[in-house]
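Have the viewer open while you read.

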Amino acid sequence: MAEIKIEKKKPIWPWIIVVLIIAALVYFLFAKNNEATSESGTEIENTTSTDSIAQ
């Protein structure tokens, strides 16, 4: 009789974890980039003066 070699399937869960980690890194990089541009795009002007409070 001939021998039939049976190979076990490699687990897929390590690849799922790697893809999730990469997706999380990409998300945080783009989220941090958007926060930096939105903060620098708007300026807050202080219209109160300390002289009016002292009087």
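Predicted model: local features only at pLDDT ≥ 70, side-chain atom pairs only at ≥ 80, totals over all residues.

1. Searching the whole structure turns up one aromatic pair. The partners are Y27 and F28, arranged edge-to-face, with 5.5 Å centre to centre and 65° between the planes. The label follows from the angle, because planes over 60 degrees apart count as edge-to-face.

2. Are the two partners buried or exposed? Y27 has a relative accessible area of 56%, so it is exposed. F28 has 55%, so F28 is exposed as well. The cut-off behind both calls is over 50%.

3. On the overall picture, the chain has two helices and zero strands. Of its 55 residues, 0% are buried. Its accessible surface is about 6300 Å², and carbon and sulfur atoms account for 64% of that.

4. Have a look at the nonpolar patch on the surface, too. I12, W15, I16, V18, L20, I22, V26 and F30 make it up, and together they have about 840 Å² of accessible area.

5. With 59% relative accessibility, I12 counts as exposed, because the threshold is over 50%.

Methods: Residues numbered from 1 in each chain as written. Heavy atoms only, no water. Patch = residues over 30% accessible without salt bridge, like charges linked within 9 Å, V, L, I, M, F, W, Y side chains within 5 Å. Areas by Shrake-Rupley, 256 points an atom, 1.4 Å probe, with all protein chains shown as cover. Salt bridge = Lys/Arg side-chain N within 4 Å of Asp/Glu carboxyl O. Buried < 20%, exposed > 50% of the residue type's maximum accessible area, 1.4 Å probe, protein only. Helix = DSSP H or I, 4+ residues; strand = E, 2+ residues; numbered from the N terminus. Phe/Tyr/Trp six-rings, centres within 6.5 Å; stacked < 30°, edge-to-face > 60°.
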